Amino acid sequence: MAKKATNSLEGVDGLSVQVNRVAAPVREQVFDQLRQAIVEMRLKPEQRLVERELIQQTGVSRTTIREVLRQLAAEGLVTTIPHKGTVVASPSVERAAELYEVRAVLEGMAARQFAERATEVHMRALRRAFDGIEKRAKSGQANSQAMIEAKKHFYDALFEGAANGTIQDIVESLQARVTVLRSASMSQPGRIPKTVEEVRAIVEALERRDADAAAVACVHHVNEAARTVFEAMAAADDDAA
């Protein structure tokens, strides 16, 4: 049996890439790993992504790297700055506000539709997803990628029970940028316990089939996350001043 050829190198700070040349297409692997490094904030906002270094680190062609960077730009995760090159995008307060406004509308609508449409199977899946969030929060893994994944499972269950494919498609198109902001929010001191209680309120309203209360709880949760991120951005600006 032929051995699976891999390439694993250290180059760009915060990025460790392993390319398996007999699994998924190489471009897809590089894209997934760069995307994950940005979402997990191992690649920091405004960090330069130098093509030459990425080529050396991954062992792929310049054409592949440029295609990957174009994909990341389409998701709003990187941007090109004149005389500086490609950098990890740093969301502005205005853009973050827009994303949170969209989230509040979509998630509030999804909660309302979940209350009206979800089966008992969906309800149990939502409760299990919340239990996963609570477990992570109590286990000391609250600031880890595991907590981010637990939140993702919760929203997957919410959208599945809402049975609205359009909402799910729109949210998935925003997912990477939302996850970056979610990481920033949950990294703030004291945010994790509040998150658990806010999500608990959503789940309990849905279990009562109270569509209005569930929608209000969802919007409140998004607004509190937004407030936390904006406070962190303001503090960062003060530190830089």
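This is a predicted model: local features need pLDDT of at least 70, side-chain atom pairs count only at pLDDT 80 or more; totals for chains, interfaces and linings use all residues.

Trainee: OK, how do α5 and α6 cross?

Mentor: The axes (lines fitted to C-alpha atoms over the stretch in contact, with N-to-C angles from 0 to 180 degrees) of α5, residues 120-138, and α6, residues 145-162, come within 9 Å and cross at roughly 165°; helices here are DSSP runs of H or I, at least four residues, and strands are E runs of at least two, numbered from the N terminus. α5 is therefore roughly antiparallel to α6, the term for angles over 145 degrees.

Trainee: And which residues meet there?

Mentor: With contact meaning heavy atoms within 4.5 Å, those in α5 include L126, F130, I133 and R136, and their counterparts in α6 include M147, K151, F154 and L158. By class, this contact has 12 nonpolar, four polar and three charged residues (Ala, Val, Leu, Ile, Met, Phe, Trp, Tyr, Cys and Pro are nonpolar, Asp, Glu, Lys and Arg charged, the others, Gly included, polar).

Trainee: Switching topic, which elements line the second largest pocket?

Mentor: β3 (78-81), β4 (85-88), α4 (93-117) and α7 (165-186) each supply at least two lining residues, and α7 gives the most, with three.

Trainee: What's the class make-up of that lining?

Mentor: The lining of the second largest pocket has 13 nonpolar, four polar and three charged residues.

Conventions. Residues are numbered from 1 along each chain as its sequence is written. Side-chain values use heavy atoms; hydrogens and water are left out. Angles under 35 degrees count as roughly parallel, over 145 as roughly antiparallel, 65 to 115 as roughly perpendicular and the rest as oblique.
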